[in-house]
Structure formats: C-alpha cells, structure tokens
Amino acid sequence: MTSSITRPVDGVRSETARIRRATARDTKRLTRLVRKSRAYEGPYAAMVAGYRVGPDYIETHQVFAAVEPGTDRLLGFYSLILAPPELDLMFVADDAQGLGIGRLLIGHLRDEAQSAGLTGVRIVSHPPAEGFYRSVGARRTGILAANPPAVMWDRPELVLPVA
C-alpha cells in the first residue's frame, strides 16, 4: 500500500511525498534522520546519540519511509510493531516539517494497522511531540515514568484509534 500527498505549485498539482516500505539500503539515512533530529537537541540528545536503525530492525518491524518522488530523498519514516500494537519510531526530517509528512505517515500507519486487524496503536511519545499526536486523534492514556539512565524524563502514553 502506498500513499502520497500533492501540493499545488504554480497552479499545477505536484506530488510532494510518497510512502514506500523501507529497505536495508535505507538504514544509514534512517539512522542519520534520528540522530540529527532537532527534536532531540539539548537534554534529549543523549537518547538518540548512539541510536542505530539496522537491517535487522527493518526486517523485524513494519518500517515505512516517506520519500520525495524522483529523488527518493528521505522526508520521514515510521515503524509499527504489530504485537502488541505500538508506534515504535516516527521522525520527520527537520527541513520537511510543516509539509504534511507527519500526517501522511499517520494516515498510512492507520491503513496498515487496519489491514492487520488492529483497533488502536499505542504511542509512547517524545514529550514535545504529544501535541502532534493529539492533533491527529490520539488520546492520552497515562504517563510512562522516567527510567534512568536510558530515559531521563516522563513520557506521555497515548492510543491512536485505527478505525
């Protein structure tokens, strides 16, 4: 299943992004996107400093990349774990923020989850991203307490309805 968004450019609709299944060839770009995300600067930097998205991760999970048509430039990605259902990772490139990539990824995630027979997907959110998840329909269900040294802050726990 693929999704795409289009934007009018000089009155002509042009495709901004399409979603495809990530492959082992994407691992370096996915890793770089995670490590360089402005959302993880300052006190959050340590969480992603040594993070790596490897071929084994892509093989084990449902990982989808939003790419720019024609160039295959990575605009964002997400990873869905099916059992138990959880959004494991979701990142949008800093220079692609505000283009609708996050909403496109969430729409695609909902389609994939629905196809898998899921009714909801758990999200343990990066605190600054909670507002985005709530804006796409996720409901807060609680707080996941900090777990030093791996995670030094409490994180909102949400559920994203699928149907």
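Reader: What makes residues of helix α1 count as buried, and which are they?

Author: Buried means a relative accessible area under 20%, exposed means over 50%, and partly exposed lies in between (1.4 Å probe, protein chains only); in α1, the residues Thr-27, Leu-30, Thr-31, Leu-33 and Val-34 are buried. The model is predicted, so local features need a pLDDT of at least 70 and side-chain atom pairs count only at pLDDT 80 or more, whereas totals for chains, interfaces and linings use all residues. Residues are numbered from 1 along each chain as its sequence is written, and side-chain values use heavy atoms, with hydrogens and water left out.

Reader: How do you know where the buried residues of α1 fall around its axis?

Author: Taking the directions from the helix axis to the C-beta atoms, the buried residues of α1 fall within an arc of 160°, so they line one face of the helix. The face turned away from this buried side carries the exposed residues Lys-28 and Lys-36. The helix itself, residues 27-36, is a DSSP run of H or I with at least four residues, while a strand is a run of E with at least two, both numbered from the N terminus.

Reader: Against which elements do the buried residues of α1 pack?

Author: With contact meaning heavy atoms within 4.5 Å, they pack against α2, α3 (55-60), β3 (62-67), β4 (74-82) and β5.

Reader: Is Asp-26 buried or exposed, and how do you know?

Author: Asp-26, in the loop between β2 (12-21) and α1, has a relative accessibility of 3% and therefore counts as buried. Not counting residues up to four places away in sequence, Asp-26 touches Arg-20 and Arg-21. Arg-21, in strand β2, is partly exposed with a relative accessible area of 38%. Leaving aside its neighbours within four places in sequence, Arg-21 has contacts that include Asp-26, Ile-58 and His-61.

Reader: Which residues have the most contacts inside the largest nonpolar core, and how many residues does it have?

Author: A nonpolar core is a set of buried Ala, Val, Leu, Ile, Met, Phe, Trp, Tyr and Cys residues joined through side-chain atoms within 4.5 Å; the largest one has 46 residues, and those with the most contacts inside it are Leu-30, Val-53, Phe-77, Tyr-78, Leu-87, Ile-101 and Leu-105. Helix α4 gives the most to this core, with six residues.

Reader: What makes a space a pocket, and what lines the largest pocket?

Author: On a 1 Å grid over the protein atoms alone, a pocket is an open set of points where a 1.4 Å probe fits, with protein on both sides within 12 Å along at least five of seven lines, and lining residues have an atom within 4 Å of a point. By this rule the largest pocket is lined by 34 residues, of which Tyr-40, Met-90, His-126, Ala-129 and Tyr-133 lie nearest its centre. The largest share of this lining, seven residues, comes from β5.

Reader: What makes Asp-72 stand out, and how do you know whether Asp-72 is buried or partly exposed?

Author: Asp-72 has a positive phi of about 65° although it is not a glycine, whereas most residues other than glycine have a negative phi. Asp-72 lies in the loop between β3 and β4, and its relative accessibility of 25% makes it partly exposed.
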